[in-house]
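Work through the exercises below with the sequence and the model open. Try each task before you read its solution.

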Amino acid sequence: QLATIAFGAIRDGDWHEAVDYYTAKHSNTIEYPDIPTWLRDAGAIYSVNNGGVGGNYLLLPETQSLYQRMNGNFENMPDLLTKANEMGTDVILMVDWYDSATITGVDKIDKDKIDSITSPYYNKGDYVPRTDMGGEEAFKAGVKALHEAGGKIMVYVEPFVVLQYSEIGREMGEFWAARNPLGELDTTYADACSYSMSCAVKEWREYLVDVCVRLVEEYGVDGI
């Protein structure tokens, strides 16, 4: 039943040509959001630490954790701006800014997984500022201080993965997660004790929107 011929694409010329072709074909259906001037003109974004941001960042050795870079307190967020300015930008991307999960029944988890899934980065789902760095109030104060120093901050939110041990994972993970045609849970991220989330699920999309709105309106972040 498989096809006996396949067509591939070979890159030739400027990638803008492909984008221009696509947008020309879809001009009647595309709506462009207003991109803030601070982001359009930034030229670069300073990622505080490379873990989780993907691509070539993952090839770089991790030198310091987020905790170390801010001396254990979100209120020292302007310190990140100093480093960003040295690299020619005032826009910061923060990845593992959210709290780690409370793990119960660790005897049921493979020993080699415990350390990773108890790190803040793996607790995708709840997105509450880390308590070991001062919690919500320190986070808000840090963002305010960063703004006063002339910086902008973007925070990482993951739409495709939720840790089983996060609060939302325990409560709604199995209901909102992706499943195969047989109705079985997708196991793509099972090794990380996480659910594969389906953006086709309306409730999950609405939850994500609520998370992002909270981060912008309550915590004052500039982007997601």
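Predicted model: local features only at pLDDT ≥ 70, side-chain atom pairs only at ≥ 80, totals over all residues.

Residues are numbered from 1 along each chain as its sequence is written, and side-chain values use heavy atoms, with hydrogens and water left out.

**Exercise 1. The overall fold**

Task: State how many helices and strands the chain has, and in which order they run.

Solution. 
- Step 1. Count the elements. Helices (H or I, at least four residues) and strands (E, at least two) are DSSP runs, numbered from the N terminus. The chain has eight helices and five strands.
- Step 2. Read the order. From the N terminus on, the elements run α-α-β-α-α-β-α-α-β-β-α-β-α.
- Step 3. Buried means under 20% relative accessible area, exposed over 50%, and partly exposed in between (1.4 Å probe, protein chains only). Of the 224 residues of the chain, 36% count as buried.
- Step 4. Among contacts between residues at least 6 apart in sequence, 70% join residues at least 24 apart.

**Exercise 2. The sheet**

Task: Give the strand order of the open sheet and say whether the pairing is parallel or antiparallel.

Solution. 
- Step 1. Find the order. Two strands pair if DSSP finds at least two bridges between them. Three strands form the open sheet, in the order E1-E2-E3, and their pairing is parallel.
- Step 2. Count the bridges. E1 and E2 pair over two bridges, while E2 and E3 pair over four bridges.
- Step 3. Serine 47 stands opposite leucine 93 in E2. Valine 91 stands opposite lysine 152 in E3, and isoleucine 92 faces isoleucine 153 in E3.

**Exercise 3. Two sides of H7**

Task: Which residues of H7 are buried, and which are exposed?

Solution. 
- Step 1. List the buried residues. In H7 these are Ile168, Gly169, Gly173 and Trp176.
- Step 2. Check their directions. They cover an arc of only 95° around the axis, so they sit on the same side of H7. The arc is that of the directions from the helix axis to the C-beta atoms.
- Step 3. Turn to the other side of H7. Glu171 and Phe175 are exposed there.
- Step 4. Look for the cover. What covers the buried residues of H7 includes strand E4 (161-163), strand E5 (194-196) and H8.

**Exercise 4. The core and an aromatic pair**

Task: Which residues have the most contacts inside the largest nonpolar core?

Solution. 
- Step 1. Define the core. It is a set of buried Ala, Val, Leu, Ile, Met, Phe, Trp, Tyr and Cys residues joined through side-chain atoms within 4.5 Å.
- Step 2. Name the residues. The largest nonpolar core has 39 residues, and those with the most contacts inside it are Phe74, Met77, Met94, Trp97 and Phe139.
- Step 3. Trace its sources. H4, E2, H6, strand E3 (152-155), helix H7 (167-176) and helix H8 (202-217) each supply at least two residues of this core. The largest share, five residues, comes from H8.
- Step 4. Turn to the rings. Rings of Phe, Tyr and Trp (its six-membered ring) pair if their centres lie within 6.5 Å; planes under 30 degrees apart count as stacked, over 60 as edge-to-face and the rest as tilted. The structure holds 11 aromatic pairs. Phenylalanine 74 and phenylalanine 139 form an edge-to-face pair, 4.9 Å centre to centre with 80° between the planes. The two residues are 65 residues apart.
- Step 5. Check burial. Phenylalanine 74 counts as buried because its relative accessibility is 0%. Phenylalanine 139 counts as buried at 0% too.

**Exercise 5. Aspartate 90**

Task: Is aspartate 90 buried, partly exposed or exposed?

Solution. 
- Step 1. Aspartate 90 lies in the loop between H4 and strand E2 (91-94).
- Step 2. Read the area. Aspartate 90 is partly exposed, because its relative accessible area is 30%.
- Step 3. List the contacts. Not counting residues up to four places away in sequence, aspartate 90 touches Leu81, Asn85, Gly150, Gly151 and Lys152.

Note on methods: Contact = heavy atoms within 4.5 Å.
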